[in-house]
Amino acid sequence: MFEGLRFNHWKTSLDEHGIVTLTLDRAGSSVNAINRAVLDELGQIVERLAIEQPAGVIVHSAKPAGFAVGADIREFVEYARQGSVLENIENGQQVYEALARLPCPTVAAVHGACMGGGTELILACRQRIAADDDRTRIALPEVMLGIHPGWGGSARLPRLIGAPEALPLMLTGKSLSARRALALGVVDRVAPPDELLAEARALLRRPQPRPFARRAKAWLTNCWPARQILAPMVMKQTAARVRKEHYPAPFALIDVWQRGGGDIRQRLKLEARSVAKLAATPTAHNLIRVFFLQERLKSQGAGTEHGIRRVHVVGAGVMGGDIAAWIALKGFEVSLQDREMKLVQPALDRARQLYGKKLKTPEKIEAAIQRLRGDVEGTGVKDADLAIEAIYENAEAKEALYAAIEPQFQAAEILASNTSSIPLDELRRNLRAPQRFLGLHFFNPVAQMPLVEVVRHDRLDPAIEKRALAFCKAIGKLPVAVKGTPGFLVNRILMPYLLEALRLYNEGVPGPVLDKAAKQFGMPMGPIELADTVGLDVCVSVGRELAPFLGLELPPGLEGKLDAGKRGKKDGQGLYVWQDGKPIKPEVDPDYQPSPDLQDRMILALVNEAVACLADGVVDDADLLDAGVIFGTGFAPFRGGPIQYVRSEGAGMIKAKLERLAQRHGARFTPRQGWDHPALATGVDAI
């Protein structure tokens with residue numbers, strides 16, 4: 001059937017029943033990222049299939065990692081630079097539409113990751129079957145890159161499963177398990193992984209009819225009146241979560257769906273033009289940059305064996321307990337130590353709740369629970385490959401603990417501190433093996449915050465650093481290596497922002513006004529709510545350590561709240577009153593007019609310190625700084641990080657703003673060293 005045709009990325013076979021199997025196996029890559037070459041070969045294959053008309057076609061992947069991770073983002077970036085995004089989107093649409101129009105039955109057999117352009121490929125098949133295991137994940141996550149599906153995803157998915165189910169999937173990028181995809185109708189059947197292709201052949205021979213109710217719902221929710229009613233509702237719901245000027249892609253997607261009629265060609269044309277327009281926006285440029293930064297963090301420690309099986313955590317407070325729970329969740333044996341079992345038990349209870357949310361099945365939950373044990377006597381130290389200290393922020397107490405732990409080590413164990421601010425050059429002074437000591441600074445809440453700072457000091461063995469980076473990857477975290485100066489990277493940059501917000505709060509600016517100004521900039525949470533969430537006790541502790549180093553002062557009044565037991569969210573009272581885990585924010589006088597420099601006072605305090613960190617070499621380069629601040633603080637991803645923000649606004653303009661703020665509000669706004677750093681130059685391209 002394919003005589004005379006040679007393919008680099010596809011393998012073809014024809015069985016005795018006339019069924020053609022197309023196997024995607026992108027050359028020179030461990031995953032299937034769909035690029036122009038992959039599409040062009042598929043186009044040739046489909047053209048031949050349309051002529052030969054086999055009994056059926058199965059599309060699957062030869063990669064163990066999964067079906068396809070989506071479009072090749074690097075190639076997409078190159079098309080954006082060349083101004084040829086539209087032409088290349090249309091090319092992909094044409095190939096997929098030709099596949100969809102084949103007169104023979106087609107089945108996509110999916111295993112592992114099936115993302116973006118891979119999902120759009122399976123949507124172009126008549127039916128889909130997925131491997132029924134934990135590894136199968138199906139999604140259309142393009143919105144996370146500042147665009148939306150462009151190879152037919154927005155044109156096909158709503159018509160397949162109905163708009164009320166399809167739109168949220170595309171607007172959030174949420175992934176589906178095999179079972180959830182089956183329940184929604186994204187796939188027609190699931191099968192054990194080792195029977196996937198056999199079941200795909202059976203599905204070709206006996207297609208699974210779509211239930212009438214599902215077909216009726218798909219039609220009803222996509223007819224013209226329904227689109228005109230539903231679209232404004234979905235727009236309003238989306239606007240409650242993100243601002244259109246910050247993240248235009250979700251709103252563009254809703255608009256494309258609302259205007260798309262019954263003709264697939266018209267819908268595809270709307271989709272292609274919309275994605276091409278979005279690809280030119282700063283938001284897309286920055287979110288794609290953040291994607292590459294994330295991939296870079298994931299690759300830290302690649303190729304290094306961490307050699308860690310057992311972990312001992314000392315300190316069962318919120319941070320220590322949650323660190324231990326997370327590490328056990330990821331398959332490691334963990335012992336958790338504190339002075340009394342009554343201090344350890346709440347951490348074990350929280351761990352059980354975490355496992356219930358993450359693991360679903362009783363067997364997996366129980367296995368995770370068995371991997372985490374309370375250890376008041378500290379017997380787990382001698383068997384541990386890694387010991388993590390997570391006690392309160394006091395250098396003397398930490399050093400005393402190390403003196404008790406280190407003699408129990410048997411060989412080459414790693415000792416780590418979760419300190420959030422104390423310089424490691426101080427903490428390592430009395431250690432027997434300082435070369436095997438470092439910082440592993442997690443962020444609260446541990447289960448949600450992806451970043452871990454791997455903190456260096458002047459005696460650290462580089463091989464130990466690599467093992468620590470590899471361990472962070474093994475527990476599903478994004479590691480960034482940082483210099484062990486006060487506050488490291490994230491807290492050093494975040495503290496001026498928080499302290500300035502608290503100063504404004506003391507000046508009488510209502511907390512909701514400060515939170516709103518920060519969120520208007522693009523921060524995920526306002527600083528007053530953040531201070532309560534982190535804990536006013538933690539803010540004061542870190543602030544005391546960092547304020548002298550940063551030349552700042554702790555605002556008055558915080559100690560009084562601590563003395564009254566008002567530490568924030570965990571006590572139900574702080575700067576706000578908290579109920580059911582949410583802040584009750586007071587009403588603000590509608591006539592209240594905040595100062596026009598309110599946002600600059602908070603945000604530029606952060607940016608100024610980010611530039612100083614770059615100059616001080618706290619991280620190895622500007623990209624890692626931006627990655628650390630985005631994944632450690634949630635700094636507006638659509639802005640690409642504080643250094644990218646300086647580039648986009650212009651270093652000269654922001655420096656001049658700081659100088660004006662210094663004249664108006666005090667020397668703390670004086671531009672720090674580093675504003676002449678070459679990485680701040682406009683036009684620096686880090687992709």
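Guide: Let's begin with R492 and D616, whose side chains form a salt bridge with an N to O distance of 2.6 Å. Please keep in mind that this is a predicted model.

Visitor: What makes the contact of R492 and D616 a salt bridge?
Guide: The rule asks for a side-chain nitrogen of Lys or Arg within 4 Å of a carboxyl oxygen of Asp or Glu. R492 and D616 come to 2.6 Å, N to O, and so they meet that rule.

Visitor: Which parts of the chain does the pair of R492 and D616 tie together?
Guide: R492 is in helix α20 (residues 490–506) and D616 is in helix α25 (residues 598–616), so the bridge ties parts that are 124 residues apart in sequence.

Visitor: Is R492 buried or exposed, and how do you know?
Guide: Buried means under 20% relative accessible area. R492 has 0%, so it is called buried.

Visitor: Why is D616 called partly exposed?
Guide: That label covers what lies between the buried limit of 20% and the exposed limit of 50%. With 28% relative accessibility, D616 therefore counts as partly exposed.

Visitor: Which residues are joined with R492 and D616 into one network?
Guide: E609 and R672 join R492 and D616 there, through salt bridges that share partners.

Visitor: How many salt bridges does the rule give?
Guide: The count comes to 42. One of the pairs is E97 with R156, at 2.5 Å from N to O. Here E97 sits in helix α3 (residues 85–100) and R156 in helix α5 (residues 153–161), 59 residues apart, so distant parts of the chain are linked.

Visitor: Why are E97 and R156 each called buried?
Guide: The limit is under 20%. E97 has 12% relative accessibility, so it counts as buried. R156 has 11%, so it also counts as buried.

Visitor: What makes D132 and R179 a salt bridge?
Guide: Their side chains meet at 2.6 Å, N to O, and the limit is 4 Å. D132 is in the loop between β9 (127–131) and β10 (137–139), while R179 is in helix α7 (residues 178–184), so the pair ties together parts 47 residues apart in sequence. D132 has 29% relative accessibility and therefore counts as partly exposed.

Visitor: Which residues gather in a patch of positive charge on the surface?
Guide: The patch holds R137, K174, R180, K330, K357, K358 and K360. K357 belongs to helix α15 (residues 341–359).

Visitor: How do you know whether K357 is buried or exposed?
Guide: Exposed means over 50%. K357 has 63% relative accessibility, so it counts as exposed.

Visitor: Are F488 and D580 buried or exposed?
Guide: F488 has a relative accessible area of 0%, so it is buried. D580 has 81%, so it is exposed.

Note on methods:
Residues are numbered from 1 along each chain as its sequence is written. This is a predicted model: local features need pLDDT of at least 70, side-chain atom pairs count only at pLDDT 80 or more; totals for chains, interfaces and linings use all residues. Side-chain values use heavy atoms; hydrogens and water are left out. Patches are made of residues with over 30% relative accessible area and no salt bridge: like charges are joined within 9 Å, nonpolar side chains (Val, Leu, Ile, Met, Phe, Trp, Tyr) within 5 Å. Accessible areas come from the Shrake-Rupley method with a 1.4 Å probe; for residues, only the protein chains shown count as cover. Lys and Arg count as positive and Asp and Glu as negative; His and the chain ends are not counted. The place of a charge is taken as NZ of Lys, CZ of Arg, CG of Asp or CD of Glu. Helices (H or I, at least four residues) and strands (E, at least two) are DSSP runs, numbered from the N terminus. Buried means under 20% relative accessible area, exposed over 50%, partly exposed in between (1.4 Å probe, protein chains only).
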